[in-house]
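Hi everyone, thanks for coming. Let's walk through one structure together, starting from a single residue.

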Amino acid sequence: MSFQEIRQAPSRLNRSELAVPGSRVELFEKAAKSAVDVIFLDLEDAVAPDAKPQARKNIIQALNDIDWNGKTVSVRINGLDTHYAYRDLVDVLEGAPDKLDLVMIPKVGTAADVYAVDMLITQIETATKAKKRIGLEMIIESALGMANIDAIAGASKRNESLHFGVADYAASIKAKTVDIGGPHPDYGVLTAKDDSGKRDYFWADPWHYAISRLVVAARSNGLRAVDGPFGDFSDADGFRAQANRALVLGCEGKWAIHPSQVGLANDVFGLKEEEVKKARRIIEAMAQAQKEGKGAVALDGKLIDNASIKQAQVLVQMAERAGLKA
Ligand code: COA
Ligand code: MG
């Protein structure tokens, strides 16, 4: 282990995160009653420019009036290159003090972007004598953001999570896409010929690097890594496949752009009973080995290494958190 200690962001369930346009008030209650872990009320790209002032008012009223059933609630502000962003922060945080959990910064490009938002939130929290401290979610969705990702991830003590915004990212790096967050038929590998001259073509994941890079930046700063949207909400199998690959690469949740994707994300990123059972047995075996003064831990005739013990501890912690929520 390095001597450097990684400060961990406050822990929250973040298996699913539902996008709810701030202009569609009829969706707010539905989101609050859904099974989603995190709701982000959007002021950015799902809201037309003319609708932004009203969307802000809708969100302030909803934060004050709606029972969010213990869910984490976030607001996605507009980009810092627009003239909407300052008012998004000032109006929402002053209009609904101590209600919001997180602020989501879209298209974050540099550590200074995070610094600027932190500064403004800190002033508002001080002025309103807020008791709740707002956390930050950052969407990595540009070449600049990806180039500066480590500095962004470490830019504020408010930072909680990094999110992969695949659609804007593709546009920014001039990549080719078919469906938002899906694979591309031209991104694959053609195998060498076998003895009969036959070749296979396998589709590969064009977002592998971006997600892995994001996971490294998040984890090395104690943050959650969350995969972004999958556009075709009629394709449950497609969503599940992309969510599973994000899980395998180290993400702990995925966005839902439609309520039908919430259950899928909760399922993929949820805890599997068998895994939790095994993790508890590993921790028991470790405690037993310690009691007996043994250095090495064995379970079912196999040596358990330190990394597996760490993973087991994380899993059991998550299970306890999920249990607390239920
Ligand atoms: N949050 C909560 N409820 C939602 C919802 C959301 N984001 N999207 C849809 N619903 C509700 C609908 O009101 C409907 O409820 P009902 O059964 O009581 O009538 C039900 O879920 C089914 O919705 P459906 O009719 O299939 O969808 P729609 O045509 O109303 O809306 C979208 C489809 C994609 C426009 C809508 O889901 C949406 O705006 N999603 C968020 C998109 C977004 O914010 N993108 C930016 C981030 S990438
Ligand atoms: Mg975007």
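So, serine 16 counts as buried because its relative accessibility is 0%; buried means under 20% relative accessible area, exposed over 50%, and partly exposed in between, with a 1.4 Å probe and protein chains only. Please keep in mind that this is a predicted model, where local features need pLDDT of at least 70, side-chain atom pairs count only at pLDDT 80 or more, and totals for chains, interfaces and linings use all residues. Residues are numbered from 1 along each chain as its sequence is written, chains are lettered from A and ligands numbered from 1 in the order in which they are written, and side-chain values use heavy atoms, leaving out hydrogens and water.

Which strand holds serine 16? The residue belongs to β1, residues 16-21 (strands, E, at least two residues, and helices, H or I, at least four, are DSSP runs numbered from the N terminus). Beyond neighbours within four places in sequence, serine 16 has contacts that include Ala35, Val36, Lys254 and Asn266, contact being heavy atoms within 4.5 Å.

Now to a helix pair. Helix α3 (residues 85-95) packs against helix α4 (residues 111-127) at about 25 degrees, and their axes are 10 Å apart; axes are lines fitted to C-alpha atoms, for helices over the stretch in contact, with angles from 0 to 180 degrees between N-to-C directions. So α3 is roughly parallel to α4, a label for angles under 35 degrees, with over 145 roughly antiparallel, 65 to 115 roughly perpendicular and the rest oblique. Tyr86, Leu89, Val90, Leu93 and Glu94 of α3 meet Val117, Leu120, Ile121 and Ile124 of α4.
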